[in-house]
Number of protein chains: 2
Amino acid sequence: MRNIKLIIEYDGTRYQGWQRLGDSDKTIQGKLEKIVSQLTGETIELIGSGRTDAGTHARGQVANFKTNCNKSLEEMHHFFLTYLPKDIVVTSIDEVPERFHARYNAVSKQYSYYVRHAELPSAFDRNYHFYVAEPLDWEAMTEACLRLTGAHDFLGFSALKKSKKSTVRTIESIEMEKEEAMIRFVFRGDGFLYKMVRIMMGTILAVGKGEMTVNQIDDIFQAKIRQAAGETVPAQGLFLDGVFYEKN
Amino acid sequence: MRNIKLIIEYDGTRYQGWQRLGDSDKTIQGKLEKIVSQLTGETIELIGSGRTDAGTHARGQVANFKTNCNKSLEEMHHFFLTYLPKDIVVTSIDEVPERFHARYNAVSKQYSYYVRHAELPSAFDRNYHFYVAEPLDWEAMTEACLRLTGAHDFLGFSALKKSKKSTVRTIESIEMEKEEAMIRFVFRGDGFLYKMVRIMMGTILAVGKGEMTVNQIDDIFQAKIRQAAGETVPAQGLFLDGVFYEKN
């Protein structure tokens, strides 16, 4: 069987997230599986690198599927560009070894979260950022990013009740970039628990606003209690930038 | 009476354009007049610098209204930020001399049109640009921009059938900037006829694609026939950047 790897860009605004729910047309996975099944004439199950929440976007989601279809990659790509809705774009298509698995083989991921920090909200791009009016302490946020970096048990920074599996993850880096009114927070790590980026982001902002101290981050790592962390910021500021399959 | 000048930013996606149609809630002017009337307790007519089409955006539309309301500018601004829909933002509010008229006193305007020029469309920002896949000849487009610059009868570049008023306008400059896949065309002039920016833009792109020659632009100025010019590009790529009331 052929194993096809897709890189997918999507605007999550209209969708209930990545993961297929029943036969709903309202999920990215559901939409893609429908089109891939039409393309191949087979019932296709698409394996994504992981879920994204309702309203969250992706620049580089990765998925794969197995098929006996013998169409060329160009034909397949053209079919996707023609039949997918305009807010889902397959940006790359490749044939990969049969053992490749988009979820199991992922070694790290990068997410970006966009915060508009200005006196006034913007009429534009409201589905692509979160607006913050309060003063933010850049140095305190830098320190918060550093405290969150490294290998920790992130259970307190997730929406998981509890977990039988390990909730230890390694955050390689959290970087902040400011361009005019927009702050971009770039999170890179070997894995992220449910809602973890959005809760880390809420915590960094809470530190920036002076509502929390940097030391409270260490307390949350120890206590592992989600209520101690910052709010879960809205999904629409979040982008899955890319999924990496070999250490760079 | 007090004369209040507003600078307004809006995302035109959800609206039928600037100009009020009956008592429709679907126009920017209609929405604003409703809120201004609630604020003042008077029936307010808002004077805009000019219309924008359905789907067209503004970063700096200017409007004014006369009122006997004695609320402070801060109170007014707060009211607008609270009660206007999130895709209409009053960015500035000022009290101006009674003779100021947002339309009659405008001496020039700036519009930007955004073209995504790349191999693939983008899943994002689809309401803020027009996607072009074909090769574009940058030098030919530069020359087309120069030919359109200056004082000309732009009747052939407008959607007006004919006009009793002068259709001569002066385009001060048309500049092209490219940043990654996005080309921004910046039009500055003393006035623009109905759909004139979008038809000029369609003509520049037709020259860029090699479908028209630069010399045909002079022919259209002479013949004044709209059919000879390029297509009317979609409204969603167009932004009214600002309106100027004194020569800079």
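Let's start with Asp53(A). It counts as buried because its relative accessibility is 19%, and buried here means under 20% relative accessible area, with over 50% called exposed and anything in between partly exposed (1.4 Å probe, protein chains only). Keep in mind that this is a predicted model, where local features need pLDDT of at least 70, side-chain atom pairs count only at pLDDT 80 or more, and totals for chains, interfaces and linings use all residues. Residues are numbered from 1 along each chain as written, chains are lettered from A in the order written, and side-chain values use heavy atoms, without hydrogens and water.

UniProt lists Asp53(A) under "active site", in an unreviewed entry. Such annotations may be inferred rather than shown by experiment. Where does Asp53(A) lie? In the loop between strand 2 (47-48) and strand 3 (57-67) of chain A. Strands are DSSP runs of E, at least two residues; helices are runs of H or I, at least four; both are numbered from the N terminus. Asp53(A) touches Gly17(A), Tyr194(A), Lys195(A) and Arg198(A), leaving out residues up to four places away in sequence. Contact means heavy atoms within 4.5 Å.

Now the domains. Chain A is assigned domain 1 (2-96) and domain 2 (108-244). These bounds come from an automatic or database assignment. The contact takes 16 residues from domain 1 of chain A and 18 residues from domain 2 of chain A. Together the two bury about 1200 Å², with 47% from carbon and sulfur atoms. Buried area is the accessible area (1.4 Å probe) that two parts lose on being put together, summed over both. On the domain 1 side of chain A, Asp53(A), His57(A) and Arg59(A) supply 47% of the area buried against domain 2 of chain A, more than any other three residues.

How many salt bridges cross between domain 1 of chain A and domain 2 of chain A? The rule finds 2. It asks for a side-chain nitrogen of Lys or Arg within 4 Å of a carboxyl oxygen of Asp or Glu. Arg59(A) also pairs this way with Asp241(A), closest N and O atoms 2.4 Å apart.

Last, the chain interface. Chain B and chain A each give 23 residues to the contact. They bury about 1600 Å² between them, 68% of it on carbon and sulfur atoms. In chain B, Leu120(B), Ala123(B) and Phe124(B) lose the most area to chain A, together 37% of that side. Salt bridges across the interface of chain B and chain A: 0.
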